[in-house]
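Please look over the sequence and the coordinates below.

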Amino acid sequence: MRLAAIVSLCLLAAACGPGPDKINKVETLPPLSGPVFTATGSISAVTLESATIDHEAVPQAGLAAGRTTFRAYADVMASAPETPGARVALSFRKQGDKWALTELKPRD
């Protein structure tokens, strides 16, 4: 009886997990359309899916100077600085109603 309960719990836990197709899934930048905007700024925070950057104004994009969270994909972040406070040059595009980084590199 106890073995059956343990097996049932293990099966339930496995069924509730993200599944093998979702574990360690790395997304690369999908094709985007529209203009590419550029700015400079500094890293505020980085997660697996986003980079929050304190940046200068980008009037062409309608962004005032401030802090913006950008969608960040693995191919863009592979060689990008991730340390908070690091000065960066960034390029980005509109992705739906959010912004997605197309390039993020150390600023000289």
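In this predicted model, His55 belongs to strand β2, which covers residues 50–55. Is His55 buried or exposed? The relative accessible area of His55 is 7%, and the cut-off for buried is under 20%, so His55 counts as buried. The side chain of His55 also has a polar partner: a polar contact of 2.6 Å links it to the side chain of Thr68. Leaving aside residues up to four places away in sequence, His55 touches Thr40, Gly41, Leu63, Ala64, Ala65, Gly66, Arg67, Thr68 and Phe70.

Strand pairing can be followed from β1. Strand β1 (residues 37–46) runs antiparallel to strand β4 (residues 87–95), with 6 bridges between them. Within this pairing, Ser91 of β4 is the residue opposite Thr38. Strand β4 also pairs with strand β5 (residues 98–106), again in the antiparallel sense, over 8 bridges. Here Leu90 has Leu104 in β5 as its bridge partner. The hairpin formed by β4 and β5 has 2 residues between the strands, and Gly96 in this hairpin adopts a positive phi near 70°.

What is the order of the elements from the N terminus on? The chain runs α-β-β-β-α-β-β, with 2 helices and 5 strands. Of contacts between residues at least 6 apart in sequence, 52% join residues at least 24 apart. The chain has 108 residues, and 31% of them count as buried. Its accessible surface comes to about 7,200 Å², with 58% belonging to carbon and sulfur atoms.

Notes. Residues numbered from 1 in each chain as written. Predicted model: local features only at pLDDT ≥ 70, side-chain atom pairs only at ≥ 80, totals over all residues. Heavy atoms only, no water. Helix = DSSP H or I, 4+ residues; strand = E, 2+ residues; numbered from the N terminus. Buried < 20%, exposed > 50% of the residue type's maximum accessible area, 1.4 Å probe, protein only. Polar contact = N/O pair within 3.5 Å; in protein donor to acceptor, adjacent residues only side chain to side chain. Contact = heavy atoms within 4.5 Å. Pairing = 2+ DSSP bridges. Areas by Shrake-Rupley, 256 points an atom, 1.4 Å probe, with all protein chains shown as cover.
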